[in-house]
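Please open the structure in your viewer and keep the selection panel at hand.

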Amino acid sequence: MDKKITIAIDGFSSTGKSTLAKQLAKHLGYVYVDTGAMYRAVTLYAMQNGLISQGFFNREGLIEHLEDITLQFLYNPVLEFAEMYLNEENVEKEIRTLAVSQLVSRVAEVPEVRHKLVEQQKHMGEKKGVVMDGRDIGTVVFPNAELKIYMNASPETRAQRRFKELTGLGQEVTYDEVYNNVVERDYIDTHRADSPLVKADDAIEMDNSTITKQEQLQKVIDIVNELLAK
């Protein structure tokens, strides 16, 4: 089918946005863009350059360094998804740590950072046929997207998922640390002045606390097929 649409997936942290977006993009043959990875990469850059740590954030310093940050998604045929590159270095593993998670919301609320990345994201979706997930995709990046999904789940469910993911990667974290991070990120994401996380008026809300990934995917595929058939 030649017709292509833009699909925007927003929601809280650890709701499985990226998993759904990857599965959907693969099923449709669309381009997948993980905007969260972009903010995580900028956060990693700030950490590596002494611009941010727990209790410290040199916002002006990061803003001054934005022109030195180059982000790319390069497809890995073995993993079957695009990995994040920061200044030509693969940082896919480094950006998924709890240390980055604990700081990324602070970086993401900086207007200059958001403006830089939103501009890139808009460019990535100019030709449609894209699935993009994040916090402000349906409200800011692609307000005219043909399909907007808003994902949710209880904080406890999301913390358990994230805890399982991190410990599975060999990271030494406690459930309480992960839960507190989830709650803190929820507050920052929904209360920041620039592009806070909100449900777009025309978004379809999905609470996946009690459904499987496959059930969720099938629901969205059915919706997409209805749209493409119009």
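Select helix H5 and colour Val113, Arg114, Leu117, Val118 and Gln121, which are its buried residues; buried means under 20% relative accessible area, exposed over 50% and partly exposed in between, with a 1.4 Å probe and protein chains only. These residues cover an arc of only 115 degrees around the axis, which puts them on the same side of H5; the arc is that of the directions from the helix axis to the C-beta atoms. What covers the buried residues includes helix H2 (35–48), helix H3 (59–65), S5, helix H4 (98–108), S8 and helix H6 (137–141), where contact means heavy atoms within 4.5 Å.

The model is predicted: local features need pLDDT of at least 70 and side-chain atom pairs count only at pLDDT 80 or more, while totals for chains, interfaces and linings use all residues. Residues are numbered from 1 along each chain as its sequence is written, and side-chain values use heavy atoms, with hydrogens and water left out. Helices (H or I, at least four residues) and strands (E, at least two) are DSSP runs, numbered from the N terminus.

**The parallel sheet**

Now select S2, S8, S1, S9 and S10, in that order: these 5 strands form an open sheet with parallel pairing. Two strands pair if DSSP finds at least two bridges between them. Strand S2 (31–34) and strand S10 (204–207) stand at the edges, each with a single partner strand, so one side of each is left without a neighbour in the sheet. Neighbouring strands of this sheet are turned by 20 degrees against each other on average, direction ignored; the axes are lines fitted to C-alpha atoms, for helices over the stretch in contact, and angles run from 0 to 180 degrees between N-to-C directions.

Zoom in on strand S1 (residues 6–11) and strand S8 (residues 130–134), which are joined by 5 bridges in the parallel sense. Thr6 can be found opposite Val130 in S8. S1 also pairs with S9 in the parallel sense, over 5 bridges, and here Gly11 stands opposite Met151 in S9. Moving on to S10, there are 4 bridges between S9 and S10, again parallel, with Asn152 opposite Asp207.

Which way do the side chains of S9 point? Leu147, Ile149 and Met151 point one way, and Lys148, Tyr150 and Asn152 the other way. In a regular strand the side chains alternate between the two faces of the sheet. In S9, 6 of the 6 residues are buried, so the strand is largely enclosed by the rest of the structure.

**Helices packed on this sheet**

Select helix H9 (residues 213–229), which lies across S1, strand S9 (147–152) and S10 and runs at about 165 degrees to S9. Then select helix H1 (residues 17–28), whose buried residues are Lys17, Leu20, Ala21, Leu24 and Ala25. They cover an arc of only 125 degrees around the axis, which puts them on the same side of H1. Their packing partners are S1, S2, S8, S9 and H9. Directly after H1 comes Gly29, with a positive phi near 75 degrees.

**The antiparallel sheet**

Turn next to S5, S6 and S7, an open sheet of 3 strands in that order, with antiparallel pairing. S5 and strand S7 (89–90) stand at the edges, each with a single partner strand, so one side of each is left without a neighbour in the sheet. Strand S5 (residues 71–76) and strand S6 (residues 81–86) are joined by 6 bridges. Along this pair, Gln72 stands opposite Tyr85 and Phe73 opposite Met84. The two strands form a hairpin with 4 residues between them, and Glu80 in the turn has a positive phi of about 65 degrees.

Stay in S6 and select Leu86, which counts as buried at 5% relative accessibility. Its contacts, not counting residues up to four places away in sequence, are Ala41, Leu44, Tyr45, Gln48, Ile69, Thr70, Leu71 and Val91.

**A buried arginine**

Finally, select Arg162 in helix H7 (residues 155–168). Is Arg162 buried or exposed? Arg162 is buried, with a relative accessible area of 7%. The side chain of Arg162 reaches the backbone oxygen of Arg96 at 3.2 Å. Beyond residues up to four places away in sequence, Arg162 touches Ser14, Arg40, Arg96, Thr97, Ser101 and Val178.

Methods:
Polar contact = N/O pair within 3.5 Å; in protein donor to acceptor, adjacent residues only side chain to side chain.
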